[in-house]
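User: I would like to learn how to read a few local features in a protein model. Please take them one at a time, with the general idea before the case.

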Amino acid sequence: MNNSSLNLRTLFSFPDPGARTTASPSSNQWQAFQSRLGREIKTIKWPAAMPDLTSKVAELFNVELPDLLVSSWKKARELQEALEESRKSPEEVIVLDLAEHEITNEYHPNIEIRIAGLPLPKKIEFKVQIVTALKGINLKIQAGTITEIQAGSCDFEGKIKYEDLTIAEKKVGPIELLSVSIIARQEPSPMK
């Protein structure tokens, strides 16, 4: 794989939520999940046509891998220090060499179904466990933000569970990452 903008949906081989086809991955795990979800939502009295929940589930995983890495790095002490230093000298560009390191994260994306008349919403919650081993990554930092993730590679291992059912497991690598520019969000300046 040679893609700087991989997302979790692609890595776990979930179907494209925008695709017109109803074909699903050949994974028995994904098919078992679809079957279980179908049984669970049959008990709901829908006021209109029932939405395609499996495509909504696939949308939950359209999270870009670089975005996950940046959110994880923001917690690292060394990176926090470099970000603070760059705020003091906003014109200076700092390059932080991350060498080899591993990031372990857990996420809980979910879909809530709220229908008038139901006392509580139906919640479809997932547990996503991800371990990313990074090699040769550099971060460009300027004015208190990460502006670029410079080339490197990573090994990726992850698991997605719905309740007690594992619906996807993946181990891939090395994935060659190209440089990725991060668009910093600018806070609006106050009006004078």
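User: Where is asparagine 105 found?

Analyst: Helices (H or I, at least four residues) and strands (E, at least two) are DSSP runs, numbered from the N terminus. Asparagine 105 belongs to strand S1, which covers residues 93–107. The model is a predicted one: local features need pLDDT of at least 70, side-chain atom pairs count only at pLDDT 80 or more, and totals for chains, interfaces and linings use all residues. Residues are numbered from 1 along each chain as its sequence is written, and side-chain values use heavy atoms, with hydrogens and water left out.

User: Is asparagine 105 buried or exposed?

Analyst: Buried means under 20% relative accessible area, exposed over 50%, and partly exposed in between (1.4 Å probe, protein chains only). Asparagine 105 has a relative accessible area of 18%, so it is buried.

User: Which residues does asparagine 105 touch?

Analyst: Contact means heavy atoms within 4.5 Å. Leaving out residues up to four places away in sequence, asparagine 105 touches Leu68, Ser72, Val128, Gln129 and Ile130.

User: Which residues of helix H3 are buried, and what do they pack against?

Analyst: In H3 (residues 53–60), the buried residues are Leu53, Thr54, Ser55, Val57 and Ala58. They pack against helix H1 (8–11), helix H2 (28–41), strand S2 (110–113) and strand S3 (122–142).

User: At what angle do H2 and H3 pack?

Analyst: Axes are lines fitted to C-alpha atoms, for helices over the stretch in contact, and angles run from 0 to 180 degrees between N-to-C directions. H2 and H3 pack at about 125°, and their axes are 10 Å apart. That makes H2 oblique to H3; angles under 35 degrees count as roughly parallel, over 145 as roughly antiparallel, 65 to 115 as roughly perpendicular and the rest as oblique.

User: Which residues meet between H2 and H3?

Analyst: From H2, Trp30, Phe33, Gln34, Leu37 and Ile41 meet Leu53, Thr54 and Val57 of H3.
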